[in-house]
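Please examine the sequence and the three-dimensional structure shown here. The paragraphs that follow lead through selected features of the fold.

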Amino acid sequence: MKVKDNSKMNTKKRIKTSGGELLLQIIIYSLVILLCLSILLPYINVLALAFNDGADAARGGIYFWPRKFTLANFKKVFKDGSIMNAYKITIARTVIGTISHLLVTSLAAFALKEEKLPGRKTITFLIAFTMLFGGGTIPTYIQYNNLGLLNSFWVYIVPSLVSVTHLMMMRTSFETIPASLEESAKIDGCGYFRIYAGITIPLSKPVLAVVGLYSAVGHWNDWFAGAFYMNSKEMWPVQTVLQQMLSRAMAQKEATTVTQAIASSVNTVTSDSLKMAAIIVTTVPILCVYPFVQKYFTKGAMIGAIKE
C-alpha cells in the first residue's frame with residue numbers, strides 16, 4: 001500500500017478568499033495608499049516650490065516638479081552667516097539634550113518601577129499631577145531667571161531633562177522585564193546600578209529609541225526657547241534663526257500677486273519661496289535619523305503604552 005504524503009497535499013491546498021474579504025482588502029489597501037499620498041504629495045510640492053524661481057512660482061501651476069529650477073531660495077537662506085553657527089547650536093543641543101534626557105528619565109523610571117521604593121505611589125501621583133496644568137509663560141520666565149538659565153545654553157537642556165509622558169512610558173516598559181532576571185542578578189551580587197546598566201537598558205532598546213526620537217525631534221524643531229529666553233543671536237538655534245528670517249521676509253514688500261510677480265521678475269526670491277526652502281532645510285536633517293530607529297519605533301511605542 002502506498003502511504004499518502006499529507007505534507008504534499010497540504011501544500012497544494014490554497015486558502016480561498018471570499019468576495020467580501022477581497023473587497024475589504026482592496027478598500028484597506030486603497031485607504032492606506034491614499035493616506036500615504038496625502039502625506040507625501042504635499043512634501044513633494046514644497047520641494048518643487050523650494051527649487052523653483054520665486055517670481056515664477058507666484059504665477060501658480062507648480063505641483064510636483066519645478067518649472068524654472070533655481071538654487072536662489074537656498075542661497076538666500078544660507079546667505080546669513082549666522083545660519084551655520086545656528087546649526088552648530090542646534091546639533092549640540094539635540095545631541096546633549098537627547099542623551100541627558102534619556103539618562104535622567106531612564107534612571108527615574110528605573111527607580112519608580114521598584115516596589116520597595118519608599119513612598120512610590122505618592123511620588124508617582126505627584127509626578128503625574130504635573131501633567132494636568134502648566135505654570136504659564138511669565139512664571140516660567142521668572143523661574144528660569146531665578147535659576148540663572150536665561151541667556152545660557154543650558155536653558156535648552158535643563159527644562160527638558162525629564163518628560164512625564166516619557167517617564168511613564170519607560171517605567172511601564174521596565175516593568176515588563178521579568179523580575180527573575182533582577183533577582184538572579186542580586187543573588188550574583190549585582191547592585192541596582194549594575195542591574196540598570198547590564199539588564200534593564202539592554203532589554204529596553206525599543207522604548208529608548210522611541211523616547212530618544214521624540215526628544216531629538218523636540219529639540220530640533222523648537223524655536224520658542226531661543227526667541228524668548230536668549231538675547232544673544234549667536235546662541236540662537238537654527239529654527240529661531242529661520243523664524244526670524246521668515247518674519248523679516250514677510251514684513252518686506254514683495255511680489256505676492258501674479259501682476260506684481262510679472263512686473264518685478266528681477267526679484268527671484270519671494271517670501272513664499274523662502275518659506276519652502278526653510279522647510280526643506282529644517283526637516284531633511286531630522287528625517288535622516290528616522291530610518292535608524294524605525295525598526296524599534298512600533299514595538300517601543302506599544303511596550304511603553306500597554307502594561308501587561
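H7, H11 and H12 each contribute at least two residues to the lining of the second largest pocket. H11 gives the most to this lining, with four residues. The model is a predicted one, and the pocket in question has a volume of about 280 Å³. Its lining comprises 17 residues, of which Tyr-144, Pro-159, Ser-160, Asp-222 and Ala-225 lie nearest the centre. Sorted by class, the lining holds eight nonpolar, seven polar and two charged residues.

Of its 308 residues, 34% count as buried. Among contacts with a separation of 6 or more, 72% are between residues 24 or more positions apart.

Leaving aside residues up to four places away in sequence, Leu-242 touches Val-77, Ile-83, Ala-278 and Thr-282.

Helix H15 deserves a separate description. H15 has 17 residues and reaches 24 Å from its first C-alpha to its last, which is close to the 24 Å expected at 1.5 Å a residue. The buried residues of H15 are Ser-271, Ser-273, Leu-274, Met-276, Ala-277, Ala-278, Ile-280, Val-281, Thr-282 and Ile-286. Two of these buried residues, Ala-278 and Thr-282, are touched by Leu-242.

Which residue has a positive phi although it is not a glycine? The residue is Asn-151, with a phi of about 60°. As a general rule, most residues other than glycine have a negative phi. Asn-151 is placed in the loop between helix H7 (137–146) and helix H8 (164–175). Its relative accessible area is 42%, so Asn-151 counts as partly exposed.

Definitions and conventions:
Residues are numbered from 1 along each chain as its sequence is written. This is a predicted model: local features need pLDDT of at least 70, side-chain atom pairs count only at pLDDT 80 or more; totals for chains, interfaces and linings use all residues. Side-chain values use heavy atoms; hydrogens and water are left out. Contact means heavy atoms within 4.5 Å. The expected span of a helix is 1.5 Å times one less than its number of residues. Buried means under 20% relative accessible area, exposed over 50%, partly exposed in between (1.4 Å probe, protein chains only). On a 1 Å grid over the protein atoms alone, a cavity is a set of points where a 1.4 Å probe fits but cannot get out, and a pocket is an open set with protein on both sides within 12 Å along at least five of seven lines; lining residues have an atom within 4 Å of a point. Grid points are joined across faces, edges and corners, and a volume is the space filled by probe spheres set on the points. Ala, Val, Leu, Ile, Met, Phe, Trp, Tyr, Cys and Pro count as nonpolar, Asp, Glu, Lys and Arg as charged, and the others, Gly among them, as polar.
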